[in-house]
Amino acid sequence: TLKENDVKATFFVIGNQIKGKEEILKRIKDEGHSIGLHTYTHNFKKIYSDNKIFIDEMLKCQEEVYKVTGIKSNIIRFPGGSAKRLDKEFKEELNSRGFKIYDWNIDSGDGINPKTPVNKLFKRATESNIKSKPRVLLMHCDNVQKNTSKALPDIIKLYKDKGYEFKTINNETPEYHFPLKKQIVLQWYNRNIQSYLVLKEK
């Protein structure tokens, strides 16, 4: 569908799902789409247990993508999104390692419910009350999301008819992520030594 409509997309891939699907990943690259990192295991309990583990998962995914495509991708998406998971300190650490973070502002809903009817996918993917620009549309392309591919041609047509241009996420794309997790700073003095304590919201 993407090729037929001359549309390029960004595919965030899971590292441990690449084996056996190398030709698909190569095709994604060869057809001009961009490839992002979506951790190695997508195991929420594991990847969000510690920031170091999260980073290691992204590095491992990066290596798997590189072995197949020769591309060292640095664009990442948090499984489930970065909301309540990304704070200023963690963002700075990720950025210092060259990673750029991307969330979305339109969710088709096919991730939570792969069997969402085509008409509902279309409606959610083309919501007109989204004020932020650019529009970053989240859709999935696993085997279970069969209705997504059915809804996609009409979604593409509507946006093209409205004058939108489809672009991939790449190294030049400004980061787009949910608001950072708030930090509460408590300040106190002890023998004229100023100290700070940072409490991270859960």
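Student: Which residues does Asn105 touch, not counting residues up to four places away in sequence?

Tutor: This is a predicted model, in which local features need pLDDT of at least 70, side-chain atom pairs count only at pLDDT 80 or more, and totals for chains, interfaces and linings use all residues. Residues are numbered from 1 along each chain as its sequence is written, and side-chain values use heavy atoms, with hydrogens and water left out. Contact means heavy atoms within 4.5 Å. On that basis, and leaving aside residues up to four places away in sequence, Asn105 touches Ile130, Ser132, Pro134, Arg135, Val136 and Tyr176.

Student: Is Asn105 buried or exposed?

Tutor: Asn105 is placed in the loop between strand 4 and strand 5 (106-107); strands (E, at least two residues) and helices (H or I, at least four) are DSSP runs, numbered from the N terminus. Buried means under 20% relative accessible area, exposed over 50%, and partly exposed in between, with a 1.4 Å probe and protein chains only. Because its relative accessibility is 15%, Asn105 counts as buried.

Student: Which backbone nitrogen lies 2.8 Å from a polar atom of the side chain of Asn105?

Tutor: A polar contact is a pair of N or O atoms within 3.5 Å; within protein, one must be able to donate a hydrogen and the other to accept it, and residues adjacent in sequence count only if both atoms are side-chain atoms. A polar atom of the Asn105 side chain lies 2.9 Å from the backbone oxygen of Pro134. The backbone nitrogen at 2.8 Å from a polar side-chain atom of Asn105 is that of Val136.

Student: Why are the buried residues of helix 4 on the same side?

Tutor: In helix 4 (residues 88-96), the buried residues are Phe90, Lys91 and Leu94. The arc is that of the directions from the helix axis to the C-beta atoms. These residues lie on the same side of helix 4 because they cover an arc of only 100°.

Student: Against which elements do the buried residues of helix 4 pack?

Tutor: One of these residues, Leu94, has among its contacts Phe54, Ile76 and Ile101. The elements packed against the buried residues of helix 4 are helix 3 (51-69), strand 3 (75-76) and strand 4 (100-101).

Student: Is the pair of Tyr48 and Phe54 stacked or edge-to-face?

Tutor: Rings of Phe, Tyr and Trp (its six-membered ring) pair if their centres lie within 6.5 Å; planes under 30 degrees apart count as stacked, over 60 as edge-to-face and the rest as tilted. The centres of Tyr48 and Phe54 are 5.9 Å apart with 20° between the planes, and the pair is stacked.

Student: How are the rings of Tyr159 and Phe166 arranged?

Tutor: Tyr159 is buried, with a relative accessible area of 6%, whereas Phe166 counts as partly exposed at 29%. Their ring centres are 6.4 Å apart and the planes stand at 85°, so the pair is edge-to-face.
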